[in-house]
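Thanks for coming. Please have the sequence and the model open while I talk.

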Amino acid sequence: MAEYVGAVDQGTTSTRFMVFDHSGNEVARHQLEHEQILPRAGWVEHDPAEIWTHTREVIEAALREADLTAADLVALGITNQRETTVVWDQTTGEPLCNAIVWQDTRTDAIAAALERDGHGDTIRHKTGLPPATYFAGGKIKWILDNVDGVRAAATNGDALFGTTDSWLVWNLTGGVDGGVHVTDVTNASRTMLMDLQTLDWDDELLALFGIPRSMLPEIRSSSEPGGYGSTLSAGPLGGEVAITGILGDQQAATVGQVCFSPGEAKNTYGTGNFMLLNTGTEIVRSQAGLLTTVCYRFGGDAAVYALEGSIAVTGSAVQWLRDQLGIIASAAQSESLAQEVDDSGGVCFVPAFSGLFAPHWRADARGAIVGLSRFTTKAHLARATLEAICYQSRDVAEAMESDSGVHLDVLKVDGGVTANDLCMQIQADILGVPVSRPVVAETTALGAAYAAGLAVGFWQHTDELRENWNESKRWEPQWSDEQRSAGHAQWQKAVSKTLGWVDVQ
């Protein structure tokens, strides 16, 4: 009898496969990093073929190491980096170019033109998103306009678009031999092409971007009782398993943190930071620089919406200390290095490498380190990096309170950076509220498993999932109100120094 649910977690820097039991405990895991391709300043790409190869490898390795087979899985869920854009040829199965990653800023002129030509309000009203480089619609347009042969292939019906969930599902279910071309409402809501009310692609928006509807996947719910399709017996699972759950990574983490009631929020600390607040079945339109997005839709139930604060660079700032500056040998070392000093010594680091996302939405911003003196050491820079993660989250939390009227009593956190105890303590200090980490910190994969398992009755209802959630650690704020206010004022001053650094046409 099948006793487990599998989940593919295809993230910005790596792909992992995890298996969970009915209590939400991890049974198996394997993970592989993929290359970050940086052709020029502001451009970030991935190789979709490498991602597909790694997906097969992590599935096979995790099952082998845990002595499991496809027969042990009741269902499979998929979660993914959301706005990253893949375009491929459905006749050959080959990508038509590298994937353009959500962090990429090459579409800044497209976003600026939409705003300048008076289309910004239409996009905001229909999609809950501002015209920005972050989202997939501009990336599809750029590929159609700049990659030889893609426009013709799209016109002929050969070119398909998808975020990485669509790319993986298409390949897992057969690829050129009948692969299913689908996505879910959460990923579709990140394209600037889906109407939040109809939950369908919008013809007016498609016309604005010049995108043929034939390229786009069918939009389905996040948890499909009938499934989107099944894996092939000859595929990496070695047997047929129904794919019944798809969620964008941040929505998956919200489900994994069991934030099923309006007013419940979580913050995921990964490559970037993403705070989501469940607003129920009501579409709450932000006045404070947040995104309105689909949180999830289970089966035929009404869609549940969320306010989201998306921050482009947090955990990747720590990677920058490691890979570009070489002042740490591993991400974990950022904690021990930062602990060598009591504070940042007046240094502020604003890692606006891709401009500033929520709540500022300034494509003209670039990273800055201010407050340097001869006293400054690499330890001060490491601590300023951790503070930058936390101050950016405070800016989002304040915008969320302004929009919703909800004041956080506690912040649920997850993701890789939450292993850094010092960073989480700094977060509690800067926010002035407790920070709580669950036993299963990798809630993104867990949320995808929950969506898949709910669809097949492995879990009967969300109350069962709430029973699985357990706190691992809690950090209480230690700073005084005066210390908190002074630190935030200095941070805001530093942010002002990053603005207007590049010209956006």
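**Strand β15 and its sheet**

Let me start with strand β15, residues 265–269: five of its five residues are buried, so the strand is largely enclosed by the rest of the structure. Buried here means under 20% relative accessible area, exposed means over 50%, and partly exposed is in between, with a 1.4 Å probe and protein chains only. Helices (H or I, at least four residues) and strands (E, at least two) are DSSP runs, numbered from the N terminus.

A word on the source: this is a predicted model, in which local features need pLDDT of at least 70 and side-chain atom pairs count only at pLDDT 80 or more, while totals for chains, interfaces and linings use all residues. Residues are numbered from 1 along each chain as its sequence is written, and side-chain values use heavy atoms, with hydrogens and water left out.

In a regular strand the side chains alternate between the two faces of the sheet. In β15, Ala 265, Asn 267 and Tyr 269 lie on one side, Lys 266 and Thr 268 on the other, and both faces are covered.

Which strands does β15 join, and how do they run? With β16, residues 273–280, there are five bridges and the run is antiparallel. Three residues make the hairpin between β15 and β16, and Tyr 269 stands opposite Asn 273. With β21, residues 411–414, there are three bridges and the run is parallel. There, Asn 267 is opposite Val 413, and Lys 266 has Lys 412 as its bridge partner. For pairing, DSSP must find at least two bridges between two strands.

The whole sheet is open and has seven strands, in the order β17-β18-β16-β15-β21-β22-β23, with mixed pairing. At the edges are β17 (291–296) and β23 (471–475), each pairing on one side only. From one strand to the next, the twist averages 30 degrees.

**Helices α1 and α6**

Next, a helix pair. Two packed helices are described by the angle between their axes and the distance between the axes. Helix α1, residues 48–65, packs on helix α6, residues 164–172, at about 60 degrees, and the axes are 11 Å apart. Axes are lines fitted to C-alpha atoms, for helices over the stretch in contact, and angles run from 0 to 180 degrees between N-to-C directions. The two helices are therefore oblique to each other; under 35 degrees counts as roughly parallel, over 145 as roughly antiparallel, 65 to 115 as roughly perpendicular and the rest as oblique.

On the α1 side, the residues are Pro 48, Ala 49, Ile 51, Trp 52, Thr 55 and Ile 59, and they meet Trp 167, Leu 168, Asn 171 and Leu 172 of α6. Contact means heavy atoms within 4.5 Å.

Glu 50 also sits in α1. At 21% relative accessibility, Glu 50 counts as partly exposed. Setting aside neighbours within four places in sequence, Glu 50 contacts Glu 33, His 34 and Glu 35. Glu 33 is 17 residues away along the chain, with 9.9 Å between the C-alpha atoms.

**Helix α4**

Last, helix α4, residues 136–146: is it mostly covered or mostly open? Mostly covered, with eight of its 11 residues buried. Among them are Trp 142, Ile 143 and Leu 144. The buried residues of α4 pack against several elements, including α2 (108–116), α5 (150–155) and β8 (159–162).
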